[in-house]
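Here is a short walk through one protein model, written for someone who would like to get oriented before opening a viewer. Have the sequence at hand as you read.

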Amino acid sequence: MKKFFASAFVALALVAFVACESNPGIKATKKFIKNPTVENMEKVEAAVDKMSEEEQIEYAKWCLDHADEIEAAAEKL
């Protein structure tokens, strides 16, 4: 039973990781956090504008989890 839960947890973590890596808003925001420039901020805005509703929901949740990092990057502008 413990092996089942461990396997299920690993599978869910992998799915979440792959889903986040395919979200264009998350990718753009990660780049912005690493290199906070106006150009990278514009790329984030463009990516968000093109995302589906489902991707926007995923992006919003990700942003809540990384709000401190995003705010720190924005302050460097």
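**Overall picture**

Please keep in mind that this is a predicted model. Its secondary structure amounts to five helices and zero strands, so the pattern along the sequence reads α-α-α-α-α. Of the 77 residues, 19% count as buried. The protein exposes about 5,900 Å², and carbon and sulfur atoms supply 63% of that area. If you take the contacts between residues at least 6 apart in sequence, 63% of them join residues at least 24 apart.

**The nonpolar core**

Which residues make up the largest nonpolar core? There are ten: Ile 26, Ala 28, Phe 32, Val 44, Ala 47, Met 51, Tyr 59, Trp 62, Cys 63 and Ala 73. The elements that give two or more residues to this core are α2 (24–34), α3 (38–50) and α4 (53–65). As background, nonpolar side chains in soluble globular proteins tend to be buried together.

Setting aside neighbours within four places in sequence, Phe 32 is in contact with Thr 37, Asn 40, Met 41, Val 44, Ile 70, Ala 73, Ala 74 and Leu 77. Val 44 and Ala 73 on that list are also members of the core.

**How α2 meets its partners**

The axes of α2 and α3 come within 8 Å and cross at roughly 170°. The two helices are therefore roughly antiparallel to each other. On the α2 side, this contact is made by Pro 24, Gly 25, Ala 28, Thr 29, Lys 31 and Phe 32; α3 brings Asn 40, Met 41, Lys 43, Val 44 and Ala 47. By class, the residues are six nonpolar, three polar and two charged.

The axes of α2 and α4 also come within 8 Å, and here the crossing angle is roughly 35°. In this contact, Pro 24, Gly 25, Ile 26, Thr 29, Lys 30 and Ile 33 of α2 meet Glu 55, Glu 58, Tyr 59 and Trp 62 of α4. These residues divide into five nonpolar, two polar and three charged.

Pro 24 and Lys 30 both lie in helix α2, while Lys 50 is found in helix α3. Is Lys 50 buried or exposed? Lys 50 is exposed, with a relative accessible area of 72%. Pro 24 counts as partly exposed at 32% relative accessibility, and Lys 30 counts as partly exposed at 31%.

Leaving out neighbours within four places in sequence, Pro 24 is in contact with Ala 47, Met 51 and Glu 55. With residues up to four places away again not counted, Lys 30 touches Glu 21 and Trp 62.

The table pairs each of these residues with another position along the chain.

| Pair | Separation in sequence | C-alpha to C-alpha distance |
|---|---|---|
| Pro 24 and Ala 47 | 23 residues | 5.8 Å |
| Lys 50 and Gly 25 | 25 residues | 8.9 Å |
| Lys 30 and Val 44 | 14 residues | 9.2 Å |

To see the Pro 24 and Ala 47 row in context, recall that Pro 24 and Ala 47 are both part of the contact between α2 and α3.

Methods: Residues are numbered from 1 along each chain as its sequence is written. This is a predicted model: local features need pLDDT of at least 70, side-chain atom pairs count only at pLDDT 80 or more; totals for chains, interfaces and linings use all residues. Side-chain values use heavy atoms; hydrogens and water are left out. A nonpolar core is a set of buried Ala, Val, Leu, Ile, Met, Phe, Trp, Tyr and Cys residues joined through side-chain atoms within 4.5 Å. Buried means under 20% relative accessible area, exposed over 50%, partly exposed in between (1.4 Å probe, protein chains only). Helices (H or I, at least four residues) and strands (E, at least two) are DSSP runs, numbered from the N terminus. Contact means heavy atoms within 4.5 Å. Accessible areas come from the Shrake-Rupley method with a 1.4 Å probe; for residues, only the protein chains shown count as cover. Axes are lines fitted to C-alpha atoms, for helices over the stretch in contact, and angles run from 0 to 180 degrees between N-to-C directions. Ala, Val, Leu, Ile, Met, Phe, Trp, Tyr, Cys and Pro count as nonpolar, Asp, Glu, Lys and Arg as charged, and the others, Gly among them, as polar. Angles under 35 degrees count as roughly parallel, over 145 as roughly antiparallel, 65 to 115 as roughly perpendicular and the rest as oblique.
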